[in-house]
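Thank you all for making time this morning. I would like to walk through one structure with you, taking a few local features in turn, so please have the sequence and the view open as I speak.

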Amino acid sequence: MSDDLRELYQEVILDHGKNPRNFHESDGATNEARGNNPLCGDQLVIYLKLDADGNVEDASFLGKGCAICMASASMMTDLLKGRSGEEAKHMFDAFHHMCTGEGDDVELEEDVEKLKVLSGVREFPTRVKCATLPWHTMVAALSGENEISTE
Ligand code: ZN
């Protein structure tokens, strides 16, 4: 990765970390789950509002955590709106692979490409959990679980 690109990525992460999007409790959330990453101290709640077919009408979150965790949750909730449950899980798979190199290399849709700014965590194993915590929590919420921990 070039230094310019690294700097740009840093800026995007800091911006989302400082001004997280969708940072509020959801009106009429149907599903919610709590995520905990004791290694770093990240704690958040993901709120999902699903329609009768399981499509994500609205997504938001609350909590506290490091810039990477907040940025990841901020971008994720933005991208989730209007997606089906299947699409949300597909996005999780793609993002998980991007951060860990594990699992199948899932093609990212063009509008999900922006998540690549977070893929730098691959070089920092302890940061991977920060970036993926909101996603694990989202998948838990989707499947009706209420709590997950990275430990
Ligand atoms: Zn963290």
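Let me begin with a question: does asparagine 22 count as buried or exposed? Before I answer, please keep in mind that this is a predicted model. Asparagine 22 counts as buried, because its relative accessibility is 13% and the cut-off for buried is under 20%. As for its place in the chain, asparagine 22 is in the loop that runs between helix H1, residues 3-18, and strand E1, residues 31-37. Leaving aside residues up to four places away in sequence, asparagine 22 touches Ala59, Ser60, Phe61, Ser74, Thr77, Asp78 and Lys81. With one of these, aspartate 78, the side chain of asparagine 22 makes a polar contact of 3.1 Å.

Cysteine 66 counts as buried because its relative accessibility is 17%, and cysteine 130 counts as buried because its value is 1%.

That brings me to the other cysteine I wanted to mention, and to the matter of disulfides. The structure holds 0 disulfides. Cysteine 69 has its closest cysteine sulfur in cysteine 66, but the two sulfurs are 5.5 Å apart, which means that they are too far from each other for a bond. Cysteine 69 counts as buried, because its relative accessibility is 0%.

Finally, I would like to look at helix H3. This helix covers residues 85-100, which is 16 residues, and from its first C-alpha to its last it reaches 22 Å, close to the 22 Å expected at 1.5 Å a residue. The buried residues of H3 are Gly85, Ala88, Met91, Phe92, Ala94, Phe95, His97, Met98 and Cys99. What covers these buried residues includes helix H2, residues 67-80, and helix H4, residues 125-142. After H3 comes glycine 101, which has a positive phi, near 75°.

Methods: Residues are numbered from 1 along each chain as its sequence is written. This is a predicted model: local features need pLDDT of at least 70, side-chain atom pairs count only at pLDDT 80 or more; totals for chains, interfaces and linings use all residues. Side-chain values use heavy atoms; hydrogens and water are left out. Helices (H or I, at least four residues) and strands (E, at least two) are DSSP runs, numbered from the N terminus. Buried means under 20% relative accessible area, exposed over 50%, partly exposed in between (1.4 Å probe, protein chains only). A polar contact is a pair of N or O atoms within 3.5 Å; within protein, one must be able to donate a hydrogen and the other to accept it, and residues adjacent in sequence count only if both atoms are side-chain atoms. Contact means heavy atoms within 4.5 Å. The expected span of a helix is 1.5 Å times one less than its number of residues. A disulfide is a pair of cysteine sulfur atoms within 2.5 Å.
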